[in-house]
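Below is a short briefing for a reader new to this structure. Please look over the sequence and the model before reading on.

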Amino acid sequence: MSLLEIAGLSVQFEGRDGTVPVLDNIDLEINSGDRVALIGESGCGKTVFGMSVMRLLPSNARVTGSARYAGRDLLLADEREMQQVRGKKIAMISQNSASVLNPVLTIGDQIAESLTIHTSCRGKDLHREVIALLTSLGIERPEENMQKYPHQFSGGMRERILIAMALACNPDLIIADEPTSGLDALVKAQILELLRTVMQDRTLLLITHDLGTASALASHTAVMYAGEIVEYGPTQELFTYPLHPYTQGLIAASPSAGFHPIPGVSPAPGQVPPGCWFCPRCTCATDRCSTGHPSLKKTGTNRQVRCLRYD
Amino acid sequence: MTRNAFLWISVAILAVYFTVALLAPFIAPYGATEITGSPFQPPDSGHLFGTNDVGQDIFSQLVYGSRVTLIFGFCSALLSVSISTCAGIVLGYYGGNLDEVVCRILDILMPIPIFPLLIVLTTFFNPGIVQVSILMGVLGSIHGIRLIRAPALSLAETPFIEGARSIGATDLRIMSRHILPNLMPVVTAKFVSSSQHYLVMGVGLSFIGLWDTMTVDWGSMIQNAYSSGALSLGLWWWILPPGIAVVGISLALALAGYSLEESFNPRLEVNRI
Amino acid sequence: MIDGHYLLRRIGYSGAAFVICVTLTFFILHLMPGDYITNYLLSISNYLPQEAVDQFYQQYGLDRPLWEQYVIYVCNILQGHWGYSYQYGLPVFPMIMQKLTWSLVILLPAVLLGIAIGIVLGAWSGWKSGGKKDLALFNFMIVFRAIPEFWWAIMAVWVFAFSLQWFPLGGFTSISVLSSGLNPWDVLYHAILPICLLTSFIVAGNYYVMRNSMIAVIGEDYITTARAKGLDERAVLWRHALKNALLPMVTMTTFQVAGIIMGSVFIETVFSWPGIGLLTTDALRMRDLPILEGIFLLDALMTIGAMLAADILASHLDPRIRMGDQ
Amino acid sequence: MEESSGQKRKRIIVYGGLCLIVIIALCIAAWGSGIGNAAEGDSKNKEISADEVIIPASSSSSITYTSNMQKGGVPPGIYQGLVIKDLNGTFDPALAESWDVSADAKTWTFHLAKDALWSDGVPFTCADVKFTNDYLKSNNLTLAFVLNDVQSIECPDDSTAVITLKTSYSGFLDQISRQPGITISPQHIWQNITDPQHYEDEKFIGTGPFVFDQNTAGYARLLKNDAYYGKKAQISGVVLKVITNPDSQVLALKNGEVDVVSDISPAVAKSLDGEKNIAVYTVKDTGAYEVAFNLAQYPANITAFRRAISHAVDRDTISSLFGTGRPTETTFLIPSLAGKYVNPEDVGMYTYNLTEAREILKNSGFTWDGKGLLLGPDGNVVTLTIPLGTKGQASGGNQKIVSVLKNDWEKLGITLSTVSYDDQKQYKKAINANAVFLDSFPVTLHDDADALTNFAVTPLQDTNYYNYNNPEYNALVAGIRNTADQTKIMSMAYQMQDILAKDIPTVPVCTSDTIVAYRSDRFTGWDLGQGYYSVTDPRVLTNLIPVK
C-alpha cells in the first residue's frame, strides 16, 4: 500500500502581475520503504513540490490536486492536523544548512524541540534521546556539542544535525531537499554514506539536482522538467536506459559522462512553449512536438514517460 | 491604491509646500511681522486665518514660516546625510586602519547626549536658523556614518568593484561612479527620513523657545498661540493652522520615506493596500 | 557566558567615552557666552556692581585659569562632589535627583510600557504582514508617528483636560498633598495623560522597527524549519522568530533609555511637569553651570550604562556576538 | 524544554538583573519623590481650609526657596525690610515704624517696631539689623552689594538703628527697599551658620505676616502669622501652585483651581469680563518702554538725528498695541507714578511728526539718494540694527515696538533690522556696539528722582548704557544724592529733565499695565489701588478678605 499518493498536484503563485504556475499536474506514488529521488535542473519546482506536500508554501501559493497520506488528503487537512503530521509523520531535511538552523538556539534545543512537541519524552529521557541521536549520526562529544550554537559547526556537521532533527521522531517519510548542496567532495561523500546507512529501512523523498546522489540513495527516480514529471522508473533502470530526451540529456551532462550540456535554458515559470515543453531544447523534436502536449504514459512494467515518441 | 501612489501623493504635497515657501512674497497678502489688523480678528476675507495677539496676519505668518521650517529641516538633513555618505563610503572603501580608528572614535562619541549638547551649542551663536541647522546636521551625522558604512563595506568587496579596480579606475572614480550609485537607495531613504525627523525637531526646538524667538516659524507660532491664550479663548484659527501645516509636511515626508524604503527593500513589499 | 575580552573592551570604550564626555561638556559649558552672575544682577538691578561680580568669580573659583578649574572639577567628580548650584547654593546631585525622580514617574512607566507594547504589536504586525489588520495598524502608526509630540500633547490637554475635564491641567498632584501628604494614586491621576502620550510615541517608534525586523525574520529559512518540525504558529513566533527579531530592537531601545533625560522636555513643558527637562532649560537660561554639568554627567552616565547594558543584552540574545566572533 | 543547569543559572542572572534594575529605579523614584515618607503624617500638615488663597507660580524655580541670605529666593510675606516701597514714590513703614535722616543724607535713624517677634518667638531687635549687615559683608555674600554704601550700623537701644553711610545718599531708602533690596535676618538663627553660601533654610524664621509651612511637589504653602505685630492677615494661608503656561493659569482660574491670575493679556481679560465669579482689575503703569540711544555710536552721536528720531516714534500706535498702554508724556519719569518729581514743562515734548523729523534731518546734513534711502552727513546709507534680548523681560513688547518703528523709519529712508541675543552679557555688549536699543523695565526701577542717575557718570558709575556724559547733569545727580531736602531734590530733578529733553539720550515710549483677574466668589481686597502690582505683595495678601 502506498504511503503517500500524490495526484494531480498543481501549484500556482499569485504575484503582482497575475498568477504563475510552478507545478503542473504531478502524480507520484511513494510506497512504504521506497526511496524516491526527484531530480531536475534548478528552478524546475522540485523544492516547491516538497514544500507543498508539507503545506509550508507562502500564503500566496495556490495548491490544487491531492496528496493522500495514510488515507488523509494533506491538502485538505487543517493546520492543527498538519502540525501533527509535520516532524512526526513526515520530516524534512532542508537545503542550505547555514540558514535553516536558528542562530540563537543551541542545537540541543533545536533537536529536542520536535521530541517535545510530538512525544511525551521529557527531562532526563529527552536529554538521553538527543545524545543518542547525535551519537548515531557520528557527532562526537554529544554532551558538549549539544550546548553549542549553529555557527560553531562546520557545514558537514550542520548537515548531520539536520538529519538528526529529521530522524528525531522516527517519521514515516523523510523529505530531504538537496542534503549535500554546498559541501565539498569529501564531506559530501561522508554525508551520502551516512544517509545511505540511516535511510536503509526508511521511506525517503530525495530532492536533488545531482544524479550521483540520486543513484546512490534512491530506489526510484522521477525526473522533473519545468514543473512537470517527464519520466519515472526504478533508479537503476532509468539511469541505464533513459527514455525521455531530457533524461538522456541530463545524464550526458553529468561530469562522469563527459559533461555535454543540454543546449538552451529551461523556460521560466508560466512561459512554457505550446506542445511539448522540452521541444525547443530537444534534439529529436518533430513538428508534432510543438503542437500536442504529451501526457505521462506507462511504458513497460514500471516505467512512465512523457514523450510523444512513446505514444 | 499602492505604495507607489502614496509616494506620488507625498511628492505632490511636498511640491506644494516648496512652492509656497519659494513664492511666499507673492502668496502672502502681508509681511510676516506686519501689523495689519486689530488683535484676535477671526478669519474673514482680509485675514484668511484671522490675526494673532498683535494683529499680524496668521496666514502670512504661516506662509513665511514655511521658509524657516523647510530650510531648517532640509538643510540639516542634507548636511547630515552628505557627511554620513562621504565618510561612510570612504571608510567602507578604504577600510583598514582608517576605518578602525574612525569607528573607535565614533564608538566613543556615540554616548554623548546630542540633544542637550545641541541646545548648549546654539548659545554660542546668535541662535539663527542656519547655524542651528548646521550644528544639527553635523551632530546628527555621527549616527548616520555607521548606517552608510556597513553597505559600503560589503559593496567594496563585491566582484564588480574588484573588476573596476583591475581595469585601473581611480579610487575616487570607483567611489563616486560605482559605490555611490549603488548606495543611493539607502541614502535617499535616509535623507527623507532625516528631513522629517529634523523638521519636526526644529519645530519642537522653536516651540520650547530655544532659538531666536523673533523668527516667525511654525514652532514659535504654536508657542505664541499656546502661551498667549489661544486655548483659554478658544481661538482655534490661531493654534490649529501652524500645527496642521507641520503635521501635513511631516506626514508627506513619512509616507515618502516608507514608500521609498519599501521599494528598495522588496521584503517589505508584501504590504499592499 | 560573555566573552571576557569583549566585555573588557566595551568597558574600556565606555570609560573613554565618559572621560571625553566630561571634558567636552566642561569646556563647552565654560566657554559658553554669558555667565550667571551678570544675568542675575542685571535681572534685579539696573547696573552691574563690579565688586559683586568679582566676588562671585572668586567664590566659585571662576577667576582661575580654565585648565585649573577643569582639574579641580575632575578631582571633585572623582570624589563624588558634583558642586553647588549658582542659583540656589544647594548641592547639585540631590537637586538633579529630585527632578529626575519626578521625570521618572512619567518616563519609567512610559518607556517600559512603550517598549513592551511596541515589541508585541510590531511582532504581531510583522508576523501578519500583508494582512488587513496589519495594514490598518501600520498605516495608523505611520500617521501617528508623523505628528509632533508636543502637538499631540497640546491637543490632548485641550480636549481631555480643558474641554472634557477628565484629567488635571498639569502639575504633579492635587492640592491635598499639602494636608495629607503624597498620595500615589493622585500622582498617577496627574501622570496618566502624559504617560499615555509618551507611551504611544515610544510604541509607534518601536513598532516600526520591530515590524521591519520581524518581516525580515519571517523570510528566514529557520522559520520554515521550525514549521516543518510541526510547531504551531505561536511557538514559531515566540520561540524562533521573536528572539531573532529582537536583536535590532536592543540598540534602538538603548538610545531611548539614554535619551530619557531630555526626551520629556516637550511633555514636561505642556503638562507643567517640572522635571529634569525643564530644569535643564532653566539652568541653561540662567547659565547655572554646576547644574548643567551635573545633568550632562548624569546623562552621559546613563547613556554609557545603557549602551553597556545593550551590549550585554545583545550578546545574551545573540550567541554569535557572545562567542566573540561578530 | 531541556536546559542544563548552566543555562538556567545564566537565565536567572539575566532576568534577576533586569528585575533588580527596575526595582532600584522604582526605589530611587520613591525616595526622591518622598512617597516613602508620605505616610508619616506630619503633625504640622494642616487641612487645607477654604480661606487659603491659591496663587499660580510660573515656574518651579520661583518656589524653590533656599534662604534669605542667598540669591535663590524666599517665600513672600515672611521677611521684612526696614521700609517697604510704595509705588507712589514714598515708603511705607515695615520693621521701621518711622525714620529720620540727617540734612546731608548721610546718617539715617530708624525707629524699629517694638512688638515685632520672629516667628519662633524671639523678639526682633536692632541687633538683628546690625547683624544682617555685618554677616552679609563678612561672608562676602552676593547681596552685600546692596549695602555697599553703609559705613556702620549702631544700636543705641533695642528699637533704634542708626545707619551711617560712607557718602551722602538721598536714595538710600530706595536702595534698600527696591528689588533686590535687603530684608532683615534673625541673628539667633544665622549666627550659628558657618556656610551661608550652601545653607538651605527649612524653617524660614521671619517677622512678616506669614510663616512658612511647607514646600512639596509643585506647591508651597504659607500660613498666617498670628503673632504678627502689624495688620494681621484675614486669610488663613497662601498656597503657591506651579502652573508654567500662562494660558493654563487662566484655564485653572476658570476651573476654580486658583484664585487669582496676574499679568494676563488685554484680550484674555476681555474674554473673562462676562465670566461668572471672575473679576478683573487693572494696575496702571507698571511697566515702561523706551527707545534709547547709544551716544558713542554714529549716527546716534548727532543730536539732531536723535531729535529727528524723537519725532518718528509713533507712541500712540505703539501703546495701542499693548492694549492697555499709554504714551508717556514726559522726557523720562512717568507722571502718574513719579508724581511731584515730574517737570510739567517737559510733558508732551516728543510729538509724533514725520514731516518735522524729515525737516530736522534735512537741516542737519542728511540727504536722500535716488531710492529714497537716507544718507548720513558722511554720504553713507544709514542702517540701524536694534539688539534684542530674547529671553529678557517683555521682549514681546519690544517686538511690537520694532514692528511699528520699522514701518515709520522706512518712510524716513532708514533701514532697520534686529538681532536677538540669548544672554544678558552678549546683549549688553551689542547695546554698546549699536546706535539704538530698546529698553523695557518695571517702573519700580524708574519712578524715583534717584533713578535719574541712570543717565549720569558718577564716581560709582563711570559710564551708562547711553554713553551719555553731561557734566552739568552729573553735577545735579551728585547734588541730589547729597541732600535730603525734598524741595531741593525736586527742583534739581526738574533741571535734569530739562537737560534730558534737550539732549535726548532716550525717547520714552509708553507705559503698560498689569491686568489681574481673580475669583470674586472667594476673596475680595485684591484691588488695593495704584502701586501694588504684585499679587504676592504682603500688603495685598493682608488686605484679602474671604467672601464667606
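Two strands are said to pair if DSSP finds at least two bridges between them. Helices (H or I, at least four residues) and strands (E, at least two) are DSSP runs, numbered from the N terminus. This is a predicted model, in which local features need pLDDT of at least 70, side-chain atom pairs count only at pLDDT 80 or more, and totals for chains, interfaces and linings use all residues. Residues are numbered from 1 along each chain as its sequence is written, chains are lettered from A and ligands numbered from 1 in the order in which they are written, and side-chain values use heavy atoms, with hydrogens and water left out.

**Strands of chain D**

- Strand E8 (residues 210-216) of chain D pairs with E9(D) in the antiparallel sense over six bridges.
- Thr216(D) stands opposite Tyr219(D) of E9(D).
- E8(D) and E9(D) make a hairpin with two residues between them, and Ala217(D) in the turn has a positive phi of about 40°.
- E9(D) also pairs with strand E10 (residues 237-242) of chain D, in the antiparallel sense and over five bridges.
- Leu223(D) has Gly237(D) in E10(D) as its bridge partner.
- Five of the six residues of strand E9 (residues 219-224) of chain D are buried, where buried means under 20% relative accessible area, exposed over 50%, and partly exposed in between (1.4 Å probe, protein chains only).

**Interface of chains B and D**

- Contact (heavy atoms within 4.5 Å) links 19 residues of chain B with 24 residues of chain D.
- The two chains bury about 1,800 Å² between them, 57% of it on carbon and sulfur atoms; this buried area is the accessible area (1.4 Å probe) that two parts lose on being put together, summed over both.
- On the side of chain B that touches chain D, helix H9 (218-227) and helix H10 (230-233) of chain B are the elements that give two or more residues.
- H10(B) gives the most to that side, with four residues.

- Helix H5 (residues 114-122) of chain B is largely enclosed by the rest of the structure, because eight of its nine residues are buried.
- Among the buried residues of H5(B) are Phe115(B), Pro116(B) and Thr122(B).
- Ala226(A) lies in the loop between strand E9 (220-225) and strand E10 (228-234) of chain A.
- Ala226(A) counts as buried, at 15% relative accessibility.
- Not counting residues up to four places away in sequence, Ala226(A) touches Val22(A), Cys44(A), Pro267(A), Val272(A) and Trp277(A).
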